[in-house]
Amino acid sequence: MDIDLDFTIEGLRLGPHEEYWRDLYPFLKSNGYELRPRFRPGWEPTWSSDELPGGTEDSIGLPLFRSRMIDAIRVADGKMVYFKVVKADSQELEITRYLSSEPLRRDPRNHCVELLDVLPHPDDPNLCFMVLPCLRDIDSPPFESVDELMECGEQLLEGLVFMHEHDVAHRDCALRNLMMDASAMYPRGFHPIYRYHLLDAKTLAPVLSRSSAGVKYYFVDFGISTHFRPEDTSRLVLGTDGIETTVPELSKTVPYDPFKVDIYILGAMFRQAMLQKYTNLTMISPLVASMMHKDPKARPSAAEALDEWRRQRSTPHIVPDSFARLTDEEIYWKDRQRFLEARGYLLRPRYRPDWVPSWQGTSDVSVLDAEDAYSLPYWTNVMDATRVSDGSLVYLKRARTNSQELRIVSHMNSSELREDPRNRCVPLLDVLQDPFDDNVSLMVMPFLRYIDSPEMERVEDVLDCVDQILEVGGTTIVPEVRIAHRDCAFKNVMMDASDLFPKGFHPVLQMSLPDISGKAPTRSRADVPIKYYYIDFGISTQFPAGAPRLVTGTLGLDREPPELSDAVPYDPFKLDVFLIGNLIRRELCDKYSNLTMLEPLVSRMVRHNPAERPSAAEAHRQFTALRRSVSTPSLYWILQPRDSALLLRAFRAVYSFVRSALRPSRSATHASGEADGHYLSLCILVHRVVLVPRCLDA
């Protein structure tokens, strides 16, 4: 909520807590940070002395309750940050620095606020300034859907698991200390005090939904947190400080488990911010009750709570007739069903004008077993369909007829570029004019899946994927046609998995058969070639010949690229290199321990200085060289998850050895018959001493 200040001339003068920051302005400016005009030395109000300010930006002071913090702009990239004054030897600084250190910072489960910088106080050696990202309250703006709330809860529990695994108990994770990075929701930014307005504090800031923009939630304020060391003999604490005062075991004399306190406090937040505010979240009531159990020993661990939350999120919760009601977006597609069928595209029965739910009026069909009960989740501008001519599954995507996305995708699908074997920009199968709106077109594209659905099995699977997204995919061919993708993060690099599913799959329940009568059988990636594609060119840029290849803007799924700025131009092609490198690092190298051959290349691709990164072509050449250095048996090595047990890793190692001998790499040149014989002999020997489960003995 915007803060309502008392607009009197006297009240608009700098208070003592504001003068503190004004006096620090030269020091902060010399370190690359700039405060708002109000806090600059010699500031004169922009309104006359005999009038009220009338909404001028420099009339907005620093709230007294936030006197130890102030907003600022990082000059290097124009990003809004916060300064927080803390003691130089404080536990808060130590813990925040620890959780922001590598490799912890790169762990996708890390939802602890990132420490961007630390500055010593120029006048007091006992104090320093923590530089933190500008975050918002988790309910500002309010949640709009059940799934948005469930996503928030899942991220927070995931972050709690991460903290506890690294021996940190927050001890104060109440609502006020849970925040979100909403920068993607506000494409034009927002004012740090008048948060529903632009930086001018006059114009309302345009805002996107959480589901379309993507939001990450964070724990902040580690002022009373505890970091246990390996040598600590006890993991109990004393103290009654904190926002949540209803925790039953808090005591200054009787030690208690702070990790169980975290569970209680987060459960209390779920009750306060979710259950007490909304009527249709009853599915989480039992979990919240268990998290707030009076007996700490009866509460679940963070990992157990996360597992249960995810189970509830993935389980359809039936509200009478809720499956029989079409949403507004579904009605949009239902109204176009006859038009699409006439053009050769058939929507599922749920979207046909005469649809009657198959489970109504009969006891033979459960709603959860009915195919027509399932709508396409999350996405508002796409719909699945079947192409009548060949029965293939396709996506229909709604786009503005004059949009940059449609123009770029059409260009990449021109006859000359489509024939280029390196072109893996998503195929455009057809473009239909919306029958009711001349400004809207319907793009027809293949139905694609995430690159890890189903998961990769072998080292060669990973190398095939990386090879295509570096060479066959957009980042090599696209610069040649002067197109920068600018958003090629995980969800925008997908695969055509149709050959992996010989009997097809359902577009919503994607591991089920098309009629959801059972699990869809799958093939191994070793048996069929997989094609990977770049999708979603919504913020991509195509440059005219000879034009400067620089852009500004901070939109995109991945918020890590250091150069993103609304004010300072940057090279979008080097941004693409960072994004692909970060995708490989996050989704592959960080997950599997036996992909170390990729780490030197990835490290170069994600360098902080864009000038030090390789070009896409250079990255692919380096990848090609390292791939040649990987031995044929190693290509068939089973991927080793970093969190797998030692015994399981040993079994996978032995099994990989067997498979590499029995089934040489698809891409490698076959060894001589003599070498094959040696491999087979070794495999027979291993089979005699190692029991291989039937599910793995392929």
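The strands and helices named here are DSSP runs numbered from the N terminus, with helices being H or I of at least four residues and strands being E of at least two. This is a predicted model, in which local features need pLDDT of at least 70 and side-chain atom pairs count only at pLDDT 80 or more, whereas totals for chains, interfaces and linings use all residues. Residues are numbered from 1 along each chain as its sequence is written, and side-chain values use heavy atoms, with hydrogens and water left out.

**Strand β5 and its partners**

- Strand β4, residues 117–120, runs antiparallel to β5 over four bridges, and the two strands form a hairpin with six residues between them.
- Strand β3, residues 79–87, also pairs with β5 in the antiparallel sense, over seven bridges, and within this part of the structure Y82 has L132 of β5 as its bridge partner.
- Strand β5 itself covers residues 127–133 and is mostly covered, with six of its seven residues buried; buried means under 20% relative accessible area, exposed means over 50%, and partly exposed lies in between, computed with a 1.4 Å probe on protein chains only.
- In a regular strand the side chains alternate between the two faces of the sheet.

**Aromatic pairs**

- The structure holds 15 aromatic pairs, a pair being rings of Phe, Tyr and Trp (its six-membered ring) whose centres lie within 6.5 Å, with planes under 30 degrees apart counted as stacked, over 60 as edge-to-face and the rest as tilted.
- F27 and F129 form a tilted pair, at 6.2 Å centre to centre and with 40° between the planes; because F27 lies in helix α1 (residues 16–30) and F129 in strand β5, the pair ties together parts that are 102 residues apart in sequence.
- F129 has 0% relative accessibility and therefore counts as buried.
- Y450 and F490 form another tilted pair, at 5.4 Å centre to centre and with 35° between the planes; since Y450 lies in strand β18 and F490 in the loop between β19 and β20, this pair ties together parts that are 40 residues apart in sequence.
- Y450 counts as partly exposed because its relative accessibility is 27%, whereas F490 is buried, with a relative accessible area of 17%.
- Ring pairs also link Y20, W21, F27, Y33, F83 and F129 into a cluster.

**Cavities**

- On a 1 Å grid over the protein atoms alone, a cavity is a set of points where a 1.4 Å probe fits but cannot get out, and its lining residues have an atom within 4 Å of a point.
- Grid points are joined across faces, edges and corners, and a volume is the space filled by probe spheres set on the points; by this rule there are four cavities of 30 Å³ or more.
- The largest cavity has a volume of about 60 Å³ and is lined by I451, D452, E455, M456, F490, E587, L588, K591 and Y592.
- By class, this lining has five nonpolar, no polar and four charged residues, where Ala, Val, Leu, Ile, Met, Phe, Trp, Tyr, Cys and Pro count as nonpolar, Asp, Glu, Lys and Arg as charged, and the others, Gly among them, as polar.

**Cysteines**

- The count of disulfides is zero, a disulfide being a pair of cysteine sulfur atoms within 2.5 Å.
- C112 counts as buried because its relative accessibility is 0%, and C425 counts as buried because its relative accessibility is 1%.

**Backbone geometry in loops**

- The peptide bond from S140 to P141 is cis, with omega near 5°, and P141 lies in the loop between β6 (136–137) and α3 (146–165).
- The peptide bond from S453 to P454 is cis, with omega near 0°, and P454 is found in the loop between β18 (449–450) and α12 (459–472).
- R171, a residue other than glycine, has a positive phi near 75°; R171 is placed in the loop between β7 (168–169) and β8 (178–181), and counts as buried because its relative accessibility is 14%.
- R486, which is not a glycine, has a positive phi of about 75°; R486 lies in the loop between β19 (483–484) and β20 (493–496), and counts as buried because its relative accessibility is 13%.

Terms used
Two strands pair if DSSP finds at least two bridges between them. On a 1 Å grid over the protein atoms alone, a cavity is a set of points where a 1.4 Å probe fits but cannot get out, and a pocket is an open set with protein on both sides within 12 Å along at least five of seven lines; lining residues have an atom within 4 Å of a point.
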